[in-house]
Amino acid sequence: MTDARTSRRTLLAATTALIGLSGTASARTVHGLPWTSNEVYPPAEARPGPWLFFTADEAAAVEAIVDRLIPADELGPGGKDAGCAVFIDRQLAGPYGRCEGMYMQGPFPPNPLPTQGFQSSVAFASAYRQGLAALAAHVGRSFGGRKVQQLSGEELDRLLTSMEKRETNTPEFNASGLFDLIHNNTMEGFFADPIYGGNRDMAGWKLLGFPGTRYDYRDVIARPNRRYELPPVSLLGRPDWNRGGRG
Amino acid sequence: MRRLPRKDAVIIGLGWTGAIMGWELCQAGLQVVALERGPWRDTASDFNIGTAPDELRYGIRGELFLNNSQDTVTARNTVDQLALPIRKWGSFLPGNGVGGAGVHWNGHTWRFLPSDFLMRSHYLQKYGEGVFPENHTIQDWGVTYDELEPYYDKFEYLAGISGQAGNVKGEILPGGNPFEGWRERAYPTPPLKMQHAQNLFSRAATELGFKPFPMPSGNISQAYTNPLGVTLAPCTYCGFCERFGCANYSKSSPQTTVLPVLMRHPGFEARVQCEVVRVLKSADGKTATGVVYIDAQGEEWEQPADLVIMAAYQLWNVRLMLYSGIGRPYDPSTGEGVVGKNYAYQANSAVNGFFDSSHAFNHWAGAGSLGITADEYNGDNFDHSGLNFVGGANINCTSFHARPISARPIPPGTPRWGSAWKKATRENYGSFANVGSQGCNMSYRDNYLDLDPTYKDRLGRPLLRMTFDFKANEERMSAYVTDKMVPIMRAMGAKQIVANPKKGPWNVVPYQTTHNTGGAIMGDNPRTSAVNKYLQVWDMPNVFVLGASAFPQNAGYNPTGTVGALTYHAAEAITKQYLKNPGQPLVQA
């Protein structure tokens with residue numbers, strides 16, 4: 001590996017630039033085909049360890065929620081064991097949490113049309129921080145001073161249902177917005193490549209029967225309507241291929 | 001601002017149209033520079049098997065798309081509403097960087113029907129004035145299918161398109177589309193192999209009297225070397241096509257068909273991360289003298305050129321014309337003016353089928369344009385008498401890839417979470433199939449593009465404002481065609497069927513299609529069109545505007561085949577006619 005390539009990779013890894021490359025790359029004139037093989041940077045692997053964005057209380061609440069959205073049952077692990085909270089934490093600590101690459105200039109009129117999509121000035125990381133604080137306050141008031149993570153599964157299901165159905169919304173607490181955000185990110189985490197910290201042991205892919213990143217299915221196309229038996233593969237390979245058991 | 005040495009031609013944007021035009025102009029001996037506001041991208045450097053199949057990165061976070069923070073549009077449904085910026089792409093996904101949206105497209109490569117180019121005169125003659133919808137601004141294209149046929153052929157052979165011809169020189173061939181316009185010769189490569197869903201669809205549609213045929217595909221079925229000497233490799237049905245770069249050299253794109261030779265041409269250079277901010281005009285306003293662009297360091301440069309080729313995505317061509325004062329801006333209150341006029345989109349629909357678990361559809365094994373189509377209800381292939389709409393849609397059963405973050409269909413009424421969701425998700429993931437339609441979208445007086453009065457881009461320039469909604473014509477067309485799709489799904493054996501015809505209001509969030517058209521439309525009259533049949537600006541003859549911005553309205557097909565044909569048609573007019581007498585209009589107004 002040349003120094004130039006190392007420095008490009010290092011720079012990009014340091015900025016964890018999933019999107020927003022235009023700020024770091026520079027203008028250049030191109031003659032010929034200036035490629036360096038495998039120049040594309042791989043995503044930084046989300047590793048287990050301390051929370052990067054969540055406080056301990058926030059993380060405990062989110063872990064409790066993702067485990068109700070995707071409960072552990074006879075079909076496989078739940079959201080918590082699959083790493084969905086870790087996935088969300090790593091995403092919020094990175095460019096996604098800051099809404100990098102999105103158009104975030106004002107003004108932000110209070111009543112956008114339902115057809116106009118996301119129109120908030122609050123980036124996703126801040127939306128979690130504010131939303132989880134409002135949820136904690138709501139739960140404290142409604143459940144005798146307890147925390148989200150102290151609710152029973154049944155209580156939490158009822159709370160999440162009321163949030164989803166917009167029954168918990170108040171001027172101070174956009175509960176349905178918080179629900180949609182967590183629900184969306186939980187599903188992303190459960191089904192994204194394990195390299196991002198969720199879908200641990202490819203639990204989400206095994207639930208579906210999705211074979212992952214094999215990239216060549218000419219054998220499958222040659223024999224339609226046959227059940228596929230090979231186990232999934234991720235960008236990290238398979239756990240049994242790696243000494244450290246990652247993936 | 002620093003001034004650079006003059007070039008014969010400057011090309012704004014290096015996607016499909018810019019790359020094709022660049023090659024043709026270099027072959028004619030011109031010194032050409034292409035300015036691309038996004039990054040350099042190539043297969044070996046950017047689309048790697050070890051990183052390409054990453055749904056979160058490319059499919060969901062959209063790494064290959066234009067950043068909204070760099071440029072976006074504001075959107076509203078009607079003229080009396082306040083337009084707000086699209087803060088994150090949803091309904092459509094403009095590309096960014098070398099290759100443009102030609103990097104992340106699916107590869108559906110169609111020819112429009114001969115009657116599509118005569119959308120006004122054909123329907124008027126056959127059905128009378130009453131067939132046209134209220135407030136329509138439907139126009140003929142000013143070019144006919146017969147004129148474009150050699151250029152469709154040229155694009156298909158450049159791109160190696162895999163398909164089954166239906167009409168070679170008037171002879172209808174079995175297994176192809178019996179409704180297609182005549183073609184000089186067959187497709188360069190045979191159709192892709194089909195999956196279980198396509199096999200069910202073919203059988204069901206045939207039983208019901210349709211004549212289904214393989215969708216013409218820019219995912220190539222076998223190795224193919226194009227006339228430029230560039231070789232594509234066979235598709236491996238990896239399932240990561242639309243929204244992704246292809247790591248196999250199997251998807252037709254500027255990278256896999258033109259750039260390997262264009263980039264080595266001594267007459268050509270590309271400058272990337274360089275955004276053109278306006279086209280410069282002579283003192284009398286009748287000629288473009290070059291462009292101003294800003295590089296990634298914020299430096300402003302003047303690039304003088306004799307010929308200015310606008311080859312950005314449809315939206316950005318229109319925006320740059322409005323900024324630069326090229327062509328008269330359209331005014332919806334009077335109907336006068338041309339730039340921004342006749343913005344149109346695509347009215348798609350879906351019929352979803354949930355099957356029993358004996359089916360193994362294996363949708364994750366597929367290609368972007370692996371599919372079977374039936375064209376009985378497209379264009380004017382069917383009698384419109386008494387139907388109260390014009391146009392139609394093609395009916396497709398394509399592989400939809402079943403990438404797990406975005407495609408886990410469950411029957412309506414199933415909870416979105418919890419154990420019941422989990423069970424339904426597992427049960428239906430492998431036994432779901434879909435039949436879709438790609439519907440036309442007519443043009444209307446109040447569907448248009450202009451500059452937003454409030455919102456600015458990062459350089460302080462107004463954003464493009466889109467005023468658009470689906471109208472009664474499109475809703476009636478979609479309901480009619482979707483009704484024809486349901487019996488096919490029933491005959492395929494679905495146990496539960498959910499039909500979703502297109503209905504307004506248009507919403508910016510759910511992905512629909514990146515087929516934005518119009519705004520700098522072609523025609524035979526400078527009062528009603530921005531460019532002539534060679535895509536030359538009527539009142540600024542050394543400027544050509546390429547791409548789907550030229551469509552007067554949109555047909556019931558994906559646009560890229562027609563975009564390619566129009567580009568070759570324009571390129572030949574420039575190299576064979578215009579350059580002999582530069583600065584002159586190719587068509588007299």
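This is a predicted model: local features need pLDDT of at least 70, side-chain atom pairs count only at pLDDT 80 or more; totals for chains, interfaces and linings use all residues.
Which hand does the crossing of helix 2 of chain A and helix 3 of chain A have?

1. **Two helices in chain A.** The crossing in question is right-handed. Helix 2 of chain A covers residues 56-69 and helix 3 of chain A residues 84-92; their axes lie 8 Å apart and the packing angle is about 125°. The two helices are therefore oblique to each other. On the helix 2 side the contact uses A:Val62, A:Glu63 and A:Val66, which meet A:Cys84, A:Ala85 and A:Ile88 of helix 3. Sorted by class, this contact has five nonpolar residues, no polar ones and one charged residue.

2. The peptide bond leading from A:Gly106 to A:Pro107 is cis, and its omega is near 0°. To find A:Pro107, look in the loop between helix 3 and helix 4 (124-142) of chain A.

3. **The six-stranded sheet of chain B.** Turning to chain B, you will find an open sheet of six strands in the order 8-17-18-19-16-22, with antiparallel pairing. Strand 8 (213-214) and strand 22 (496-500) are at the edges with a single partner strand each, so one side of each has no neighbour in the sheet. Helix 6 (residues 196-207) of chain B packs on this sheet, where it touches strand 17 (371-374), strand 18 and strand 19; the direction of helix 6 makes about 20° with that of strand 17. Within the sheet, strand 18 (residues 393-398) and strand 19 (residues 432-439) run antiparallel and are joined by four bridges. One position to look at is B:Asn396, which stands opposite B:Gly436 in strand 19.

4. **Helix 6 of chain B has a helix partner too.** Helix 6 also packs against helix 11 (residues 472-492) of chain B, at an angle of about 115° and with the axes 8 Å apart. That makes helix 6 roughly perpendicular to helix 11. The crossing is right-handed. Here B:Ala197, B:Leu200, B:Phe201, B:Ala204 and B:Ala205 of helix 6 meet B:Ile488, B:Ala491 and B:Met492 of helix 11. The residues of this contact divide into eight nonpolar, no polar and no charged.

5. **The four-stranded sheet of chain B.** A second sheet to visit is open, with four strands in the order 5-4-21-20 and mixed pairing. Strand 5 (84-85) and strand 20 form the edges, each with a single partner strand, so one side of each lacks a neighbour in the sheet. Helix 9 (residues 314-324) of chain B packs on the sheet and touches strand 4, strand 20 and strand 21; the direction of helix 9 makes about 120° with that of strand 21. Strand 4 (residues 73-76) pairs with strand 21 in the parallel sense over four bridges, and B:Val73 has B:Leu464 as its bridge partner. Strand 20 (residues 448-456) pairs with strand 21 (residues 462-467) in the antiparallel sense over five bridges, with B:Asp450 bridged to B:Arg465. The hairpin of strand 20 and strand 21 has five residues between the strands, and B:Gly460 there takes a positive phi near 85°.

6. Helix 1 (residues 16-27) and helix 12 (residues 560-576) of chain B cross at roughly 25°, their axes coming within 10 Å. The two are therefore roughly parallel to each other. Their crossing is right-handed. Among the residues in contact are B:Trp16, B:Ile20 and B:Leu25 of helix 1, and B:Val563, B:Tyr568 and B:Ile574 of helix 12. By class, the contact has nine nonpolar, four polar and one charged residues.

7. **Salt bridges.** Over all chains, 41 salt bridges are found. One of them is formed by B:Glu269 and B:Lys7, whose closest N and O atoms are 3.4 Å apart. This pair links distant parts of the chain, since B:Glu269 lies in strand 11 (residues 268-272), B:Lys7 lies in strand 2 (residues 7-12), and they are 262 residues apart.

8. **Backbone details in chain B.** B:Gly504 and B:Pro505 are joined by a cis peptide bond with omega about -5°; B:Pro505 lies in the loop between strand 22 and strand 23 (517-519). B:Asn135, a residue other than glycine, has a positive phi near 60°, and lies in the loop between helix 4 (121-127) and helix 5 (145-159) of chain B.

Technical notes
Residues are numbered from 1 along each chain as its sequence is written. Chains are lettered from A and ligands numbered from 1 in the order in which they are written. Side-chain values use heavy atoms; hydrogens and water are left out. Axes are lines fitted to C-alpha atoms, for helices over the stretch in contact, and angles run from 0 to 180 degrees between N-to-C directions. Angles under 35 degrees count as roughly parallel, over 145 as roughly antiparallel, 65 to 115 as roughly perpendicular and the rest as oblique. A crossing is left-handed if the near helix is turned anticlockwise from the far one by less than a right angle, and right-handed if clockwise. Contact means heavy atoms within 4.5 Å. Ala, Val, Leu, Ile, Met, Phe, Trp, Tyr, Cys and Pro count as nonpolar, Asp, Glu, Lys and Arg as charged, and the others, Gly among them, as polar. Two strands pair if DSSP finds at least two bridges between them. A salt bridge is a side-chain nitrogen of Lys or Arg within 4 Å of a carboxyl oxygen of Asp or Glu.
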